[in-house]
Every structure is written in structure tokens, then in C-alpha cells.
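Reader: I am new to protein models and would like to learn how to read one. Could you take me through it feature by feature?

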Amino acid sequence: MILINLLPHREMARQRARQVFNVSLVLALLAGALIAGAIYLWYQQMITDQQERNAFLKSEIAKLEAQIKEVANLESEIAALKARQQAVEDLQSDRNLPVHLMNEASRQLPDGVVLKGIKQENQNVMFSGAAQSNERVSELLRNLSRNSEWLTKPELIEIVAATMP
């Protein structure tokens with residue numbers, strides 16, 4: 001006898017295979033969604049952490065910029081103070097210069113020469129006066145060029161002949 005199975009076993013097997021496939025598909029989709037969600041949350045946490053670090057760095061940079069400005073202000077104040085100190089030192093060193101100049105002029109002045117005025121512009125000093133003869137003027141120039149430690153490079157600008165009263 002021939003046995004014929006009239007039940008649709010192939011259909012049932014296909015249906016079971018479809019159900020297993022559909023269940024595995026849904027599980028795979030859920031697993032993929034969970035993994036994608038976990039990755040998304042992980043990236044969001046990383047972004048949040050980085051933004052917090054950036055905010056911290058910005059606040060620290062702002063503090064450092066404020067300190068840099070303070071240092072720059074202090075440096076400018078120090079430079080101004082150094083300039084003032086240098087000016088005071090220059091004045092201190094130059095305050096005795098007229099005394100030395102007058103002393104040197106009186107020591108180097110030969111007999112027969114009379115000074116009527118002394119004028120100083122920067123490092124140049126101009127003497128004006130009268131002498132009995134040109135030889136006395138020459139002697140004064142020689143004395144100033146050879147024997148003076150405070151005066152150097154004397155130059156004769158003008159000689160005018162006149163009678164002395």
C-alpha cells in the first residue's frame with residue numbers, strides 16, 4: 001500500500017522557517033538598534049565630556065590672558081620706572097658737571113684771557129670772552145686739548161679784533 005500524506009508538511013516547514021526567519025530578523029533589528037543606541041549614547045557622552053573639557057580650557061585661557069595682561073602692565077610700569085631711574089641717574093651724574101667745567105676752565109685759563117660767558121647745549125660747551133692777543137687764545141686751546149680731562153676737541157669758531165675798555 002502506498003501511503004500518501006495529504007497534510008501540507010512542506011507548507012508548515014516553510015511557515016516555521018519564515019517564523020524563525022522573522023523572529024531572527026526582529027531580534028537582529030533589535031540587537032542592531034540596541035548596539036546603534038549604545039554607540040550613539042557613548043558618542044554623546046564623549047561629546048559632552050569634550051565640551052566640558054573645552055569649557056574648562058576656555059575658562060583657564062581667560063584666566064591666563066588676564067594674568068598676561070597684568071604681566072604686560074607690570075612690564076610697562078617696570079620700563080617706565082627704569083626710564084625714570086635712568087633719568088634720575090643721568091641728572092645725578094650731570095649735576096656736578098657745571099662745577100667740574102668751571103673748575104677746569106679756571107685752571108686752564110692763561111693770564112690775559114677773560115671769559116664773559118659759558119653756554120652748554122647737550123655735550124657742546126661754548127666759551128665767549130676776550131684775550132689780550134691771539135697767542136693767549138692759542139694757549140687756551142692747547143691747554144684745553146692737552147691738559148683737560150673734562151673737555152675734549154676744542155674748536156675756535158670766531159676771533160674778532162676789538163679794543164678793550
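Reader: Let me start with charges. How many salt bridges does the structure hold?

Author: Here is the general idea: side chains of opposite charge can pair when their charged atoms come close. A salt bridge is counted when a side-chain nitrogen of Lys or Arg lies within 4 Å of a carboxyl oxygen of Asp or Glu. In this predicted model, the structure holds one salt bridge. The side chains of Glu60 and Lys63 form it, at 3.4 Å from N to O.

Reader: How far apart are Glu60 and Lys63 in helix α1?

Author: They are three residues apart, so about one helical turn separates Glu60 and Lys63. Helices here are DSSP runs of H or I with at least four residues, strands are runs of E with at least two, and both are numbered from the N terminus.

Reader: Before we go on, what should I know about the numbering and the model?

Author: Residues are numbered from 1 along each chain as its sequence is written, and side-chain values use heavy atoms, with hydrogens and water left out. Because this is a predicted model, local features need pLDDT of at least 70 and side-chain atom pairs count only at pLDDT 80 or more, while totals for chains, interfaces and linings use all residues.

Reader: Thanks! Now the rings: which residues form an aromatic pair?

Author: In general, a pair of aromatic rings is described by the distance of the centres and the angle of the planes. Rings of Phe, Tyr and Trp (its six-membered ring) pair if their centres lie within 6.5 Å; planes under 30 degrees apart count as stacked, over 60 as edge-to-face and the rest as tilted. The structure holds one aromatic pair. Trp42 and Tyr43 make up this tilted pair, with 5.1 Å centre to centre and 50 degrees between the planes. Trp42 counts as partly exposed at 48% relative accessibility, and Tyr43 counts as partly exposed at 48%.

Reader: Which residues form a nonpolar patch on the surface?

Author: Ile35, Ile39, Trp42, Tyr43 and Met46 do, with about 540 Å² of accessible area together. Patches are made of residues with over 30% relative accessible area and no salt bridge; like charges are joined within 9 Å, and nonpolar side chains (Val, Leu, Ile, Met, Phe, Trp, Tyr) within 5 Å. The areas come from the Shrake-Rupley method with a 1.4 Å probe, and for residues only the protein chains shown count as cover. Met46 lies in helix α1, residues 9-95.

Reader: How many bridges join strand β1 to strand β2?

Author: Two strands pair if DSSP finds at least two bridges between them. Here eight bridges join β1 (residues 113-121) to β2 (residues 124-131), and the strands run antiparallel. Val114 stands opposite Ala130 in β2. The two strands form a hairpin with two residues between them, and Asn122 in the turn has a positive phi of about 55 degrees.

Technical notes: Buried < 20%, exposed > 50% of the residue type's maximum accessible area, 1.4 Å probe, protein only.
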